[in-house]
Amino acid sequence: NNYVDEVWTVEKDAIARLNIETFDLVINTDADKYACSLATMAKCKERLGMALDESGIVYPVNHSAVEWLEMGAFDQYKQLNKKTYQQIIHEICRLKYYRSEPILTLSEKEINSARRYLEMKNIGQGDRIIAVNLGGGERWKKKCWTKEHIISFSKILISMAGFHLLIIGGPYERELLKELSIHLRTKTSFSGHCMSLREIAS
């Protein structure tokens, strides 16, 4: 992403640098306590999103973050929500929402690899692909669909003319991918469980 100047990681030196460097603005849209502690630790003129107080409680810094925090804590708020995730994040960041496309810059190697993959699966460049992501990983187990729901939904998509179905999974969906491959045989391809996020995106 050409708009990102530098990436900090906690595995390297991010925490040490947070204790020294200063920022004009810190934005944290994650209600995870560790993420909130990092955002609170940062020396800055202004914060947006979530932070952590001295009692270890996550709290919304600005008004637009209240809605997001409440939806994470109470299902009734989540069920009433009509906004997309992208719109909510834009509002927390005080940005106008234009339904803009996500920025994903792929290398030539990644693009060529994707083309070879499609050729191997007999998917033409003009074919329309619907990708179904199975995963919630270890963190979002309760948000994952059952095998039966996935099969039922996939068969509806397969019945639509002009579409090819791509089932995406990771290491945690290894067994599920095997089971689905038995039930979904026509107009369907499977990513396998070893592809990276960037390989899947390309």
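Which backbone oxygen does the side chain of Thr188 reach? The side chain of Thr188 reaches the backbone oxygen of Thr186, at 2.8 Å. Keep in mind that this is a predicted model.

1. Thr188 is found in strand E6, which covers residues 188–190. Is Thr188 buried or exposed? Its relative accessible area is 11%. Buried means under 20%, so Thr188 counts as buried. Now look for its contacts, leaving aside neighbours within four places in sequence. Thr188 is then in contact with Ile158, His164, Leu165 and Ile167.

2. **The sheet.** Find the open sheet of 3 strands. Its order is E1-E2-E3, and the pairing is mixed. In general, strands of a sheet pair through backbone hydrogen bonds, either parallel or antiparallel. Which strands form the edges here? They are strand E1 (22–28) and strand E3 (58–60). Each of these pairs on one side only. Neighbouring strands of the sheet are turned by 40° against each other on average, direction ignored.

3. **E1 beside E2.** Strand E2 takes in residues 43–52. How many bridges join E1 to E2? There are 6 bridges, and the two strands run parallel. For one place to look, take Asn28: this residue stands opposite Gly49 in E2.

4. **Helices on the sheet.** Helix H2, residues 33–41, packs on the sheet. H2 touches E1, E2 and E3. The direction of H2 makes about 160° with that of E2. Helix H3, residues 63–73, lies across E2 and E3. H3 runs at about 135° to E3.

5. **A salt bridge from E2 to a loop.** The whole structure holds 9 salt bridges. One of them joins the side chains of Arg94 and Glu46, at 2.8 Å from N to O. Why does this pair tie together separate parts of the chain? Arg94 lies in the loop between helix H5 (85–92) and helix H6 (108–120), while Glu46 lies in strand E2, so the linked parts are 48 residues apart in sequence. Arg94 has 53% relative accessibility and counts as exposed. Glu46 has 32% and counts as partly exposed.

6. **Lys83 and two partners.** Lys83 meets Glu67 in a salt bridge of 3.1 Å, N to O. Glu67 lies in helix H3 and Lys83 in the loop between helix H4 (75–80) and H5, so this pair ties together parts that are 16 residues apart in sequence. Lys83 also meets Glu91 in a salt bridge, at 2.8 Å from N to O. How accessible are these side chains' residues? Lys83 is partly exposed, with a relative accessible area of 28%. Glu67 is partly exposed at 29%. Glu91 is partly exposed at 24%.

7. **A network.** Which residues are linked in a network of salt bridges? They are Glu6, Arg17 and Glu21. Locate these residues in the structure above and trace the links between them.

Key. Residues numbered from 1 in each chain as written. Predicted model: local features only at pLDDT ≥ 70, side-chain atom pairs only at ≥ 80, totals over all residues. Heavy atoms only, no water. Pairing = 2+ DSSP bridges. Helix = DSSP H or I, 4+ residues; strand = E, 2+ residues; numbered from the N terminus. Axes fitted to C-alpha atoms, helices over the stretch in contact; angles between N-to-C directions. Contact = heavy atoms within 4.5 Å. Buried < 20%, exposed > 50% of the residue type's maximum accessible area, 1.4 Å probe, protein only. Polar contact = N/O pair within 3.5 Å; in protein donor to acceptor, adjacent residues only side chain to side chain. Salt bridge = Lys/Arg side-chain N within 4 Å of Asp/Glu carboxyl O.
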